[in-house]
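Me: I have a structure to get through today. Can you take me through it in plain terms?

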Amino acid sequence: MTLRDANIDRLRDGLFDVLVVGAGINGAVSSAALAGRGASVAMIDRGDFGSFTSQESSNLVWGGFKYLEHFEFPLVFGLCRSRNRLMKAYPDNIKEIGFLAALDRKAPYPPWFAALGALGYWMIGLFGTKPPKLFDVERVKLEEPAIDTTNLRGGIQYQDAYLIDNDSRFVFSFVRSAIEAGACVANYVELLTAEHIGDRWTAHLRDVDSGEEFTTSARVIVNAGGPFVDQINGQWGLETEHRIVYSKGIHLVVPRLTTKRHDRVLAFFDDTQRLFYVIPMGRRSVIGTTDTRIDTPFTEVDQDDREFLLAQINARLDLDEPLTVGDIIAERSGVRPLVVRRKDGDKRDVEWTSLSRKHEIERDDDLGVVTVFGGKLTDCLNVGEEVAHEIEQLGIPLEKDLANWYGEPAKATRSEFFRQAKLMKLDQLRSKPDTEPLSDRLWRRYGRRAFDLLEAIRADPSMGEDIMGSADYLRAELHNAAEHEMIVKLDDFMRRRSKIDLVVPDEAIRTSPGVAEVAEILFGAEAERRLTEYFDEKPGIG
Ligand SMILES: Cc1cc2nc3c(=O)[nH]c(=O)nc-3n(C[C@H](O)[C@H](O)[C@H](O)COP(=O)(O)OP(=O)(O)OC[C@H]3O[C@@H](n4cnc5c(N)ncnc54)[C@H](O)[C@@H]3O)c2cc1C
């Protein structure tokens, strides 16, 4: 029986302290915090873990330098604190990174003023990163020759952090932490309806993969439905002080654009005076993002989005050939769930990009519902702690918070892993010269489970071979994913547990002889069906 089947079995007619609806970052972190402090927790998502907004982010863990434009000092202070905490708790997954902002004649601020802002940002961030720097035009060209300096006034470099793998893999680390603390979690399980009778909820659920319907019970519900929180609360007539509006943002993944160093974000003001970035993702660059008001949570990249971003980047980089739609390897599109107060009415008349990115948490004592509105990946530890506090207010006792529901394993465990990896000469197995050492990669991706991978490779050296020519994945990683990562569809692995789908061109995936073996390891007898489903559902570009 798979872990998912076993958990669906536990869900059927089960009774939990808390049912968490939605397994994006907010649901996952809430489950990890609650299960880690002794509550009995069930968490469901009608898609895969982290498969909606949380897989469409810029992968940045940041205090939001740009929010200083709107004088959001408390928000920036809070986000900087969260960034600093995350960098400390996840030293191998979240890395400090420089943002080189190039300021041309159309930019709203001169470099000296931006440098003052960066200094203030560094101070608000309690000096948690390296200090900012002011660059003249020559220095900008020297730092990154790809930047077109024709109209440049200069630049600044300030520091923030980013997720080396991807956002949805980060979400999965909290799902894993919740599972390890005993939570019953299942992807592809939808909440259809729920009734509050007496002191408990009965939730009607549907296994989206098999179509089976069943019920489960819980004392309280955490509504972590992201862009769907209002619809979910609407089902049981809960009136909240806040509600969600949507802002669409897109990213384009293209071949590497930087020519000097690939460990830095480039930042530019676009023609609408909004900051956009070129962010490293493995051997690729990611251009984004945009900020457009939209009335539906379901979005895709359209031709206007593509043309806008390509034109912006072509105007600011000195490329041998301008980037075209044909260069796009993958696209991402999502909506930021932004919080507004109901009593403020429609916000169409306010400046759209000035709407705050802060989260709000509301508790309803009569129904026993805690709702998470908005937020950022960067704010996740605060959300986990705040949800746990609200759950305690609803009468569910929790153990003391020992802060052990998040973070990478202890330093001693890490040292032991690298000692064992060195003894077995793991890094010499690396087949591609321009990739990071295997020991770094396995430790970052799997933490404590990386020991099992060493064991598997020792027992069978073929487990240490790359499984798809163009992707950085060993056969052992696939076996680990099949057993421990609750993969239902091939897309779950290709897009979220790994980032293969984002960095390997579609054609290379289709023609890779390894992809059939990937499906075989993950799905056994179901491999053919899952492969067909994956290619049928894969969106095209352009
Ligand atoms: C373009 C863009 C760039 C961003 N960049 C950054 C960044 O760089 N750094 C940062 O910190 N933040 C960033 N953010 C913000 C961040 O990504 C989001 O705030 C965060 O991912 C929201 O997470 P969530 O858990 O609330 O929502 P989601 O991830 O959308 O999760 C909600 C889940 O609820 C599930 N659900 C809904 N209804 C039901 C139901 N009836 N039954 C079961 N499940 C249900 C959905 O399937 C979904 O998976 C960005 C956002 C966007 C759009």
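Me: Anything to know before we start?

Reply: This is a predicted model, in which local features need pLDDT of at least 70 and side-chain atom pairs count only at pLDDT 80 or more, while totals for chains, interfaces and linings use all residues. Residues are numbered from 1 along each chain as its sequence is written, and side-chain values use heavy atoms, with hydrogens and water left out.

Me: OK, ligand. Which residues come nearest to it?

Reply: Asp45, Thr53, Ser54, Leu60 and Gly375, out of 35 residues around the ligand. A residue counts as near if one of its heavy atoms lies within 4 Å.

Me: Which polar atom of Asp45 is involved, side-chain or backbone?

Reply: For Asp45 a polar side-chain atom lies 2.6 Å from an oxygen atom of the ligand. Gly375 uses a polar backbone atom, 2.5 Å from a ligand oxygen, and a backbone N or O atom of Ile25 lies 3.2 Å from an oxygen of the ligand. A polar contact here is a pair of N or O atoms within 3.5 Å; within protein, one must be able to donate a hydrogen and the other to accept it, and residues adjacent in sequence count only if both atoms are side-chain atoms.

Me: And how much of the ligand does the protein cover?

Reply: The protein covers 98% of the 1,000 Å² of accessible area that the ligand has on its own. That area comes from the Shrake-Rupley method with a 1.4 Å probe; for residues, only the protein chains shown count as cover.

Me: What kinds of residues make up the shell?

Reply: The shell has 13 nonpolar, 16 polar and 6 charged residues. Ala, Val, Leu, Ile, Met, Phe, Trp, Tyr, Cys and Pro count as nonpolar, Asp, Glu, Lys and Arg as charged, and the others, Gly among them, as polar.

Me: Which strand gives the most to the lining of the largest cavity?

Reply: β13, with 3 residues. Strands (E, at least two residues) and helices (H or I, at least four) are DSSP runs, numbered from the N terminus. Tyr162 and Ile164 are among the residues lining this cavity.

Me: What about the second largest pocket? How many residues line it?

Reply: It is lined by 37 residues, and Tyr162 and Ile164 are among those nearest its centre. The pocket holds about 910 Å³ of space, and its lining divides into 11 nonpolar, 7 polar and 19 charged residues.

Me: Salt bridges, how many?

Reply: The whole structure has 48, each a side-chain nitrogen of Lys or Arg within 4 Å of a carboxyl oxygen of Asp or Glu. One joins Asp302 and Lys248 (3.9 Å, N to O). Asp302 is in the loop between β15 and α8, Lys248 is in strand β11, and they are 54 residues apart.

Me: Last one, which residues does the cis peptide bond join?

Reply: Gly288 and Thr289, with omega about 5°. Thr289 sits in the loop between β14 and β15.

How values were computed
1 Å grid on protein atoms, 1.4 Å probe; cavity = no way out; pocket = protein on both sides within 12 Å on 5 of 7 lines; lining within 4 Å. Points joined across faces, edges and corners; volume = space filled by probe spheres on them.
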